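Subject: Structure handover

Hello,

Here is the structure you were going to look at. Please open it first, and then read the notes below alongside it.

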Amino acid sequence: MIRPEQLLAPTADGLFCPLGGFHIDPVRPVERALITHGHGDHARSGHDRVLATAETLRIMAARYGEDFANGGTPAKLGEAMRIGDVTVSFHPAGHVLGSAQIAVEAEGCRIVVSGDYKRRRDPTCLPFEPVACDVFITEATFGLPVFRHPDDGVEIHKLLTSLKDFPERTHLVGAYALGKAQRIICRLREEGYREPIYIHGALEKLCRLYEEEGIDLGELLPATLDAGSKTDFAGAIVVCPPSAFSDRWARRFPDPLPCFASGWMAIRQRAKQRGVELPLIVSDHCDWQELTETIEEIAPGEVWVTHGREEALVRWCALSGIAARPLHMVGYEDEAE
Ligand SMILES: [Zn+2]
C-alpha cells in the first residue's frame, strides 16, 4: 500500500498530490487547483485550472471576476473522478454554501481533506457528511477545550430581544460576507423576523447569489440613506462586514448598536477590543467537542491537523490512541470567521 505521505504532502503552496499533479486550496497560483470552498484564504484567483463544486466556482467568479482562472470544472458531490493516478471525490462539509471535503484515493489509501467544516445545522448549506478514511485532515481553529459554541438559536434570540429593548437603535450586525451573513439572515427569518433586513453594499453580490441558489433570505434592502431619512433605520437590522464598524458608513445610523457574529465572540476581550456591544457566538467552525466527536466518528487511522490550535488536538489524539501530527500550514486565517 502507498504511504499517505506519498499521496498528499504539505508544501509551501499548500497540500500537493504528486500522483495527480494538483494542489488542494493552494495559497499561490498553481497549474491545477482543487478548492474546498469560497473563503478567500482557501479560494484564490490566478490558478490555471480549478476543480470545485458549481457553487464554489460561482462564488469565486462573483468575488474575483469570471476570469479568476483559465478554466473551471464543476465537481459533482459524491462522484468519483480520475485525475492522473488518483481518484478524487467531493463531499459536503457544512461550512458555507458549496463547501466540500475532498477525498483523494490511490492504491487502497484514502485521505480526506475537510477544508473548513462544522457539524451544526445551517439552513444555507448541506450538512457535513462523514467519509471513512485512512487519514483525516482537519483544521483546529477552535481546537481548545474552552471553546464550546452555544446553540445559534440562543444567540439569534439575544439579537431579537435587544431589538425589542432598544427600538430606537440600529442594530449593526457584523458578519463575514460569505456564509455567516446569509446564515444569520436565514436564521432570523426562521425565528419569525419579517421586517426588511438592510445590507451593506459589500454583501449584495453574495446574498443575491445565495438567493439564486434557492436560499430564501426574505426582503433585503440596501443600507443606503439615498432613499429615506436616518430615522428609517431606527430599530432596524443592518448586516455589514465587521470591518465596516469603524468606517464613516457606520455613523450614518441612529445610535448604532454594534453586534458581531463570530466564534471568536466567546472571548470577551476580543469583543471589547472591537467595540462590540452585543457579541453573538455563531461559528461556521467546529468547537472542541465537535472536532473530537468528528474524529471519533470517522475513526481514521491517522489525523493531520492543518492550522489553528494544532498542538492541543494532536495531544488529544495521542491520548485517545490515534496517530496525529500537525502540518503547520500557513496562509489559512480564520480571524474573520
Ligand atoms: Zn472557511
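Before the first residue, one definition is needed: a residue is buried if 20 or more other C-beta atoms lie within 10 Å of its own, exposed if 12 or fewer, and partly exposed in between. Please also keep in mind that this is a predicted model.

Take P222 as a worked case. Is P222 buried, partly exposed or exposed? There are 13 other C-beta atoms within 10 Å of P222, so P222 counts as partly exposed. P222 lies in strand β14, which covers residues 220–222. Leaving out residues up to four places away in sequence, P222 touches Y198, I199 and G201. From P222 to R148 there are 74 residues in sequence, and 34 Å in space from C-alpha to C-alpha.

Domains

The domain assignment divides the protein into domain 1 (4–146 + 285–326) and domain 2 (152–280). Over C-alpha atoms, the centres of domain 1 and domain 2 are 30 Å apart. Domain 1 gives 15 residues to the contact, and domain 2 gives 15 residues. On the side of domain 1 that touches domain 2, those residues comprise 6 nonpolar, 5 polar and 4 charged.

The core

How many residues are in the largest nonpolar core? There are 95, and V238, V239 and C259 have the most contacts inside this core. Strand β9 supplies the largest share, with 5 residues. As background, nonpolar side chains in soluble globular proteins tend to be buried together.

I24 has L34 in β4 as its bridge partner.

The next strands can be followed pair by pair. Strand β7 (residues 81–83) pairs with strand β8 (residues 86–92) in the antiparallel sense, over 3 bridges. I83 is bridged to V86 in β8. The two strands β7 and β8 form a hairpin with 2 residues between them, and G84 in the turn has a positive phi of about 60 degrees.

β8 is in turn joined by 6 bridges to strand β9 (residues 100–106), and these two run antiparallel. Here V88 has V104 in β9 as its bridge partner. V104 also stands opposite I111 in β10. Between β9 and β10 the pairing is antiparallel, over 5 bridges. They too form a hairpin with 2 residues between them, and E107 in that turn has a positive phi of about 45 degrees.

Why is strand β10 (residues 109–113) described as largely enclosed by the rest of the structure? The reason is that 4 of its 5 residues are buried. β10 also runs parallel to strand β11 (residues 135–140), to which 3 bridges join it. V113 has I137 in β11 as its bridge partner.

Two helices

Helix α2 (residues 54–64) has E55, T56, L57, R58, I59 and M60 as its buried residues. Among the elements that cover them are β5 (47–52), β6 and α5 (201–212). G65 follows α2 and has a positive phi, near 100 degrees.

In helix α7 (residues 288–298), W288, E290, L291 and I295 are buried. The cover over these residues includes β11, β18 (302–308) and α8 (310–319). Just after α7 comes A299, with a positive phi of about 50 degrees.

Regards

Terms used: Residues are numbered from 1 along each chain as its sequence is written. This is a predicted model: local features need pLDDT of at least 70, side-chain atom pairs count only at pLDDT 80 or more; totals for chains, interfaces and linings use all residues. Two strands pair if DSSP finds at least two bridges between them. Domain bounds come from an automatic or database domain assignment. Two residues are in contact if their C-beta atoms, placed from the backbone, lie within 7 Å. Ala, Val, Leu, Ile, Met, Phe, Trp, Tyr, Cys and Pro count as nonpolar, Asp, Glu, Lys and Arg as charged, and the others, Gly among them, as polar. A nonpolar core is a set of buried Ala, Val, Leu, Ile, Met, Phe, Trp, Tyr and Cys residues joined through C-beta atoms within 7 Å.
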